[in-house]
Amino acid sequence: MCIERNVLISVLQNQHCCLCRIPAVFEAGMHTKFFLLLYLILLFSRTLCDARCYFRPASKYGCLSNRNLYVFGAVWKTEDCYQCRCKMNAMICCSLVLIPKNYDRANCVGLFHKKSCSIRVVKKTNPDISCKVYNGIG
């Protein structure tokens, strides 16, 4: 997939993630270093951000998702719990699910609820009793 550099910079600058603006030094024609840096940022962005976002280039008519065409400016929720936004340059989708990370794994288990896009952590022996969750990602 080939994406123009300006489109990719615009998409990255508009994301609500830990990716920051591309330094001005890369605008001065250092294309090889720029793309190497961009590749490394994209490669490690999931680890650094844990935002679980992805993007796809938009067409001149809008954004295509699950065989539906969305107009620029549209926001929608997918069946697999992502919120997507159609921008002029790309479709950006981020997970709506908060993943619990720090809880009593020996006595508790996470149950996924697709309708609410949530994970509820409950006792293994009695699912009616919730467990304490100390932090999560999402």
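The questions and answers below describe a predicted model of one protein chain.

Residues are numbered from 1 along each chain as its sequence is written. In this predicted model, local features need pLDDT of at least 70 and side-chain atom pairs count only at pLDDT 80 or more, while totals for chains, interfaces and linings use all residues; side-chain values use heavy atoms, with hydrogens and water left out.

Me: Which pattern does the protein chain follow along the sequence?
Reply: Helices (H or I, at least four residues) and strands (E, at least two) are DSSP runs, numbered from the N terminus. The protein chain has two helices and ten strands. Read along the sequence, the pattern is α-α-β-β-β-β-β-β-β-β-β-β.

Me: What share of the residues of the protein chain counts as buried?
Reply: Buried means under 20% relative accessible area, exposed over 50%, and partly exposed in between (1.4 Å probe, protein chains only). The protein chain has 138 residues, and the buried share of them is 29%.

Me: Which residues does cysteine 93 touch, not counting residues up to four places away in sequence?
Reply: Contact means heavy atoms within 4.5 Å. Cysteine 93 is one of the residues of the largest nonpolar core. Outside the four places on either side in sequence, cysteine 93 touches Arg52, Cys53, Tyr54, Tyr82, Gln83 and Cys84.

Me: How many residues apart in sequence are the parts tied together by tyrosine 54 and tyrosine 82?
Reply: Rings of Phe, Tyr and Trp (its six-membered ring) pair if their centres lie within 6.5 Å; planes under 30 degrees apart count as stacked, over 60 as edge-to-face and the rest as tilted. A search of the whole structure finds two aromatic pairs. Tyrosine 54 and tyrosine 82 form an edge-to-face pair, 5.4 Å centre to centre with 65° between the planes. Tyrosine 54 lies in β1 (residues 53–57) and tyrosine 82 in β5, so the parts tied together are 28 residues apart.

Me: What is the angle between the planes of tyrosine 70 and tryptophan 76?
Reply: Tryptophan 76 is buried, with a relative accessible area of 9%. Tyrosine 70 and tryptophan 76 form a stacked aromatic pair, 3.6 Å centre to centre, and the angle between the planes is 0°.

Me: Is tyrosine 61 buried or exposed?
Reply: Tyrosine 61 sits in the loop between β1 and β2 (63–65). Its relative accessible area is 59%, so tyrosine 61 is exposed.

Me: What is the phi of cysteine 81?
Reply: Most residues other than glycine have a negative phi, and most peptide bonds are trans. Cysteine 81 lies in the loop between β4 (75–77) and β5, and at 1% relative accessibility it counts as buried. Although cysteine 81 is not a glycine, its phi is positive, at about 65°.

Me: What is the phi of cysteine 117?
Reply: Cysteine 117 lies in the loop between β8 (108–113) and β9 (118–123). Cysteine 117 is buried, with a relative accessible area of 6%. Cysteine 117 is not a glycine, yet has a positive phi of about 55°.

Notes: A nonpolar core is a set of buried Ala, Val, Leu, Ile, Met, Phe, Trp, Tyr and Cys residues joined through side-chain atoms within 4.5 Å.
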